[in-house]
Amino acid sequence: MKFTRAWLGEHLDTAASLEAIIDRLTMIGLEVERVEDKAKELGAFIIARVISAERHPNADRLRVCMVDTGTGAPVQVVCGAPNARAGMKGVFAPPGTHIPGTGLDLKIGKIRGVESRGMLCSPRELKLSEDHEGIIELPSDAPVGKKFADLIGLGDPVIEINLTPNRPDCAGVHGIARDLAAAGLGTFKNAPIDAVKGAFPCPVNVKLEFGATPSLCPGFALRLVRGVRNGPSPDWLQRRLVAIGLRPINALVDITNFVTYDRSRPLHVFDAAKVHGDLVVRRARAGENLVALDGRSYVLDETMCVIADVRGVESLSGIMGGAATGCSETTTDVLIESALWVPANIAETGRKHGIHSDARYRFERGVDPAFMVPGLELATKLVLELCGGSPSEIFVAGDARVEQKRIEFPLTELERLAGLNADPQEVRRVLGALGFSVAGQDTKLSISVPSWRPDIEGRADIVEEVVRILGVDRVPSTPFDRGENPRKPVLTQGQVRTRRAKRALAARGLVEAVTWSFIDRQSAELFGGGGPAIANPISAELTDMRPSLVPGLVAAAQHNADRGFGDVALFEVGQIFKGDRPQDQLTAAAAVRRGRSKSFGTGRHWSDHDGAADAFDVKGDALAVLAAAGAPMTAIQVVPGGPPWYHPGRSGTLQIGPHVLGHFGEIHPRALDALDAEGPAAAFELILERIPEPKQKPTRAKPSLELSPLQPIERDFAFAVDRGVKAADVVRAAQAADKSLVAEVAVFDIYEGEGIAPGKKSIAIAVRLQPREKTLTDAEIEAIATRIVDEVGKRTGGVLRA
Amino acid sequence: MSDLKSDLRQFESRILAAVTAAADEAALESVRVAALGKKGSISELLKTLGGMSPEQRKENGPLINGLKDAVSAAIAARKDVLKAQALDARLNTETVDVTLPVREPPAEAGRLHPLTQVNDELTAIFADMGFAVAEGPDIETDEYNFTLLNFPASHPARDMHDTFFFPEKPDGSRLLLRTHTSPVQIRTMLHQKPPIRVICPGRTYRRDSDQTHTPMFHQVEGLVIDRQAHLGHLKWILEEFCKAFFEVDHVKMRFRPSYFPFTEPSLEVDIQCRRDKDGIRFGEGEDWLEILGCGMVHPKVLQNCGIDPDAFQGFAWGMGIDRIAMLKYGMADLRAFFEADMRWLEHYGFRPLDLPTLAGARGRPEWVRKLVGDEALVMKMCLPGRELHSPPPLRGRPVRLRRTGRWRVARYTAWSVEEPR
């Protein structure tokens, strides 16, 4: 919502400075977005007369002018404009002036050897237009030495407020003035609008025809003015509209725009000569068509409200008029419409057509129903003043009576909701100034809501009005203790897991990324799909809710590689989507290691062998997350293989029994190809919700620690097994040989090659035996060793190497 | 007998000379064997004792045994010397280039995204004030995202949220991506009886993209419902939060009336600040920066959630996590949060052992003081603002924060209020 300072002055008597007005507007909820003060910007430019203009001694195209600036001796200015001549009046900028059109500060300079102490300006240099053909020529009666800005009426600052949708009344200058006056910034003029007496009945009737469907037009007022002379509107009106960014068209149209912004009362004018028969307000019929004032053609349907005559639709109600019945310079008889519409319907129709008109803006927020007829009277008065003519009586269709809203308001509500202690007289004054009428005793008010405030519904709204006008500063900041509630953990199990997983992964040298929750269709399908697709995505790359974090991380790693950083280890802990229900949203932890981003460090280093990140780096990452999340680590099994986006021979699935927690491994080259990424790269992904909750124990105490006084014994074994045998099976067999004595089994060597038969490999394990009750004898140790060899042989076919 | 005595003396000096002359442990060993070995010269002498008369034995025994002891001691001493020499010689060949760089430990190389750190910081601050953390799904119903929050159907307030929708279902309903975390407030109020004190951090989505808007961003909202929570309490909580989060002792905030469908009265909050080449300093300066939206929960919203607005009341607020992260740590461009550029993450990210504010940062100057012992430096590090917390800005991207008169970080600082026109 834009208006000018002078416009505001027509509704508000105030001596307040522009700064004070701006500040107060913001502090009462009418947030000032922008102030354009041409008077300030062009304040240094003054009106001057060219006394003489001689040819420059060293340049044919330049002239040396002596300029009378109204003070002191004439000033010498070198000017290149073809129209600079003796006797003319123009706009002079003294040295030091900031020139808005060039963005530079003017300096005294020498042009081809002749000193120039200022400048005569073109419209472009003043940012008034793009014209740079010559300098500005002012009328001969322009007062030399006075400010140029005052001469052309630019001395009126334009204020733009960011209007919240609950305040349709402030979509008019009148309403803004009322708020400012209530806030103590002057006197609200609120000049009464006199009814214009009609000379004859309105010859055009209006019917509201909605049949059995709900009415979309609560009220409609219409008046004919005969014998008008339409043409350009007067300067004051044009200037006002231009200042707020509207294009003057002709007096009749300009009047409707003026009343729209002055009173938040949109109007429409029909050229009566182009309207055939009576007007009918009804729902559009499917397929009906309207060429609107913007020149575009709109296809209508039954949800939309229109104004039609015998020929068909002439106007899209409350949004935009039709081109066929619009007013032009030749209009002599004009029908002025002032109507009420259903806000939600206007909003819907406007949205369907993508029309953002000033009328829609106000009607969808809700205009003052009581102002329907006064608005028409005001418009009539302006038409008669500017265009002459003879008015008809007003024809009113529908029921424009306004329901009076009443709110019972105990003053204690201010204390209860806002912590504000206000004097009852003060509260009455504020509400009265805002147009509420207040009855009732001292502390129990009975408040009637003015017709222009559709946003006021209950007591909380009244509290807001009082707090808004008195200032939130009046509400004392009040300490708010934690109360009697017991101190409980503030995070849920899932939130704790998310945090722990993040820190565990970062501690392994991974860098946390936050990638989009939506990815492209192809990637989503490649990684299992299931996440719903967005109906109105912002781009073709961000269409589907991600079913996995891996594609986003692979893309992010590739972006880094494209910038020259190929060894990256990225992780993310965040939401993935297997469907559109709340329970389909899961929390995943995932990482991608690309290039030489090993778990012990990234990039080449003198201390280690070259090598790309592999399945074991990400297996370590996955296990770190599981441990951090409190998973039962001994129950976790690693099963070879994973989903199709992993390398079939270099990937694994982490599970507890049949219950899958996640996967890890090198990413399948075809998957990388499909993601347009280079490899090799390894990844893991776990779903945190799938990790079983640890058992709740009655106390936080840890199990008691038993320290054996007996020394453990370590024995090494090397088995020759088939290549396909899993190390985990060998380990498990060794553990099973004696559950109480075997304390730990470690794989310390894997070997293939010389000394091992083709198709076989050697797995070397170190077994630690922890005696429980007494030191083991050699014979007992030998017996256990034999059991280990037998058990491994039985379970894996492994043979002890000599 | 004097013969034997002088013989032994000569013998001893010969052997001792050989011991001294032994250049390495092997040579010394052969001297030892020659003297003390089974067939060594001293061993042979000892054997002669057996053939002597008791008197001779009494006289010569100590002499020969004394010789043996002296030689043994000399050999042992020489052995120590030679051992030490050998060790020194070996160590002299065992040099490494200690200037070679060591690997950075993974815990130093890893980074947490600033959003994670800021999320932990604000969780700690609000936990201290008795708030729990509530979360909800990103894919929401129209009812939870709008209707129950008192957005009238077709009202322009809905247009302020550029919403991502999912395709319409056969029953005409359509799901959407939540445009704010307010639906979590609804879910909380529907499932928990007052008193309620929660914060709701999470991902939110709007169809918008430029330097200060991304289609995905993060919000944290707060909700308090009890029998007496009022606007004054809200002001206090927000002031306490800003002081703790921005780590300043004083903060000046400006509460401006505004409009959100789900609160009444509604306020927007600006924080006083000064902007200079090092970033934004709070608690001083002439500018106002909009950081959040808040208000008393609308009675209709309470009713919609089955809470009696005459018995219970409360307030709520919302702000952009990305925004406050930018303000505190000095990032210029929101889009960079989601680009996963390693350089950006390493620069603006946090080490896994960096403790969040309240738990960590406040204590840091103490150990810095011990470590550095430089009072001036410590004072500088204790200053409110950037020295302690914010890395210098990454070069190369323009900053566009200023709009009119006061600082404004665009509309996603809070619950959106900007018009779509």
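Guide: Let's go to chain B, where Val118(B), Glu121(B), Leu122(B), Ile125(B) and Phe126(B) in α6(B) meet Ile237(B), Phe241(B), Ala244(B) and Phe245(B) in α10(B); contact here means heavy atoms within 4.5 Å. Sorted by class, that contact has 8 nonpolar, no polar and 1 charged residues (Ala, Val, Leu, Ile, Met, Phe, Trp, Tyr, Cys and Pro count as nonpolar, Asp, Glu, Lys and Arg as charged, and the others, Gly among them, as polar). Keep in mind that this is a predicted model, where local features need pLDDT of at least 70, side-chain atom pairs count only at pLDDT 80 or more, and totals for chains, interfaces and linings use all residues. Residues are numbered from 1 along each chain as its sequence is written, chains are lettered from A and ligands numbered from 1 in the order in which they are written, and side-chain values use heavy atoms, leaving out hydrogens and water.

Now for the geometry. Helix α6 covers residues 114-128 of chain B and helix α10 covers residues 231-246 (helices are DSSP runs of H or I, at least four residues, numbered from the N terminus). Their axes come within 10 Å and cross at roughly 135°, with each axis a line fitted to C-alpha atoms over the stretch in contact and angles running from 0 to 180 degrees between N-to-C directions. That's why α6(B) is oblique to α10(B): under 35 degrees is roughly parallel, over 145 roughly antiparallel, 65 to 115 roughly perpendicular, and the rest oblique. The crossing of α6(B) and α10(B) is right-handed, meaning the near helix is turned clockwise from the far one by less than a right angle.

Definitions and conventions:
Helices (H or I, at least four residues) and strands (E, at least two) are DSSP runs, numbered from the N terminus.
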